[in-house]
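Biologist: Could you take me on a close look at one part of this model? I'd like to follow a single side chain and what surrounds it.

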Amino acid sequence: MHHQNKNAVYRIWLCIFIAGIFFGTFMMNLGSNMFLGDEGIFNIASLNRMKYLEVDSKNFFPYVLKQRIKPILFLGLISTTSLGVAAAYFCIAWQGILTGMLVTAAVIRYGIKGMLLILAGLFPQQLLLIPAGIMMLCWCYENCCFRYYPSRCMWPAYGNKSRQYLHQGMLLIWIICVVVIGCILECYVNPILMTDIVKIF
């Protein structure tokens, strides 16, 4: 029963994410004059500044960590309410929309090179942040279902409530550790890669 629930939930999430990508692509094409003006997304002036930008990684890290931790705190808190499941769906749809808009904007501006720019912006931190994000969505969904919708749980409960909460707490700590490592890569490795990539534009 739990295995069937899990597969069904994952299929719904995938459909929502793909629908978000299509919607984001549609929005970017519809509003290209607004989003892709001289001061819009991926404008050439900002890329030129990045070519010579020297990132102070030590000061950049607290900012990035704060931005990455905020969604985790939001999902963690809202998962204790009956809105946790809806919040997980909303986050998936929002990420799909943003993905569609960013990819479309990069391709419209720079063609195939735009995809290279997107990949450079993702690597290597997203190799950790994307799995951590999926794990956090599962954590949020499961924590909410355990409290309010037991029949919709994707995994069986770990014994009594105390053991269940201990398991969830350890998983949350693991997710946060992965995010911290991803932030380190984003601050100390990604700027080097981005600086080299933007030089071809």
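What is the relative accessible area of Arg68, and is this residue buried or partly exposed?

Modeller: Happy to! This is a predicted model, where local features need pLDDT of at least 70 and side-chain atom pairs 80 or more, while totals for chains, interfaces and linings use all residues. Residues count from 1 along each chain as its sequence is written, and side-chain values use heavy atoms, without hydrogens and water.

Arg68 has a relative accessible area of 28%, which makes it partly exposed (buried is under 20%, exposed over 50%, partly exposed in between, with a 1.4 Å probe and protein chains only). Its side chain meets that of Glu186 in a salt bridge, 2.9 Å from N to O (a Lys or Arg side-chain nitrogen within 4 Å of an Asp or Glu carboxyl oxygen). The structure holds one such bridge. Arg68 sits in helix H4 and Glu186 in helix H8, residues 161–188, so the pair links parts 118 residues apart in sequence (helices are DSSP runs of H or I, at least four residues, numbered from the N terminus). Glu186 itself is buried, at 13%.

Helix H4, residues 57–78, also has helix H5, residues 84–110, beside it: their axes come within 8 Å and cross at roughly 150° (axes are lines fitted to C-alpha atoms over the stretch in contact, with angles from 0 to 180 degrees between N-to-C directions). H4 and H5 are therefore roughly antiparallel (over 145 degrees; under 35 is roughly parallel, 65 to 115 roughly perpendicular, the rest oblique). Phe74, Leu75 and Ile78 of H4 make the contact with Gly84, Ala87 and Cys91 of H5 (heavy atoms within 4.5 Å).

Methods:
Helices (H or I, at least four residues) and strands (E, at least two) are DSSP runs, numbered from the N terminus.
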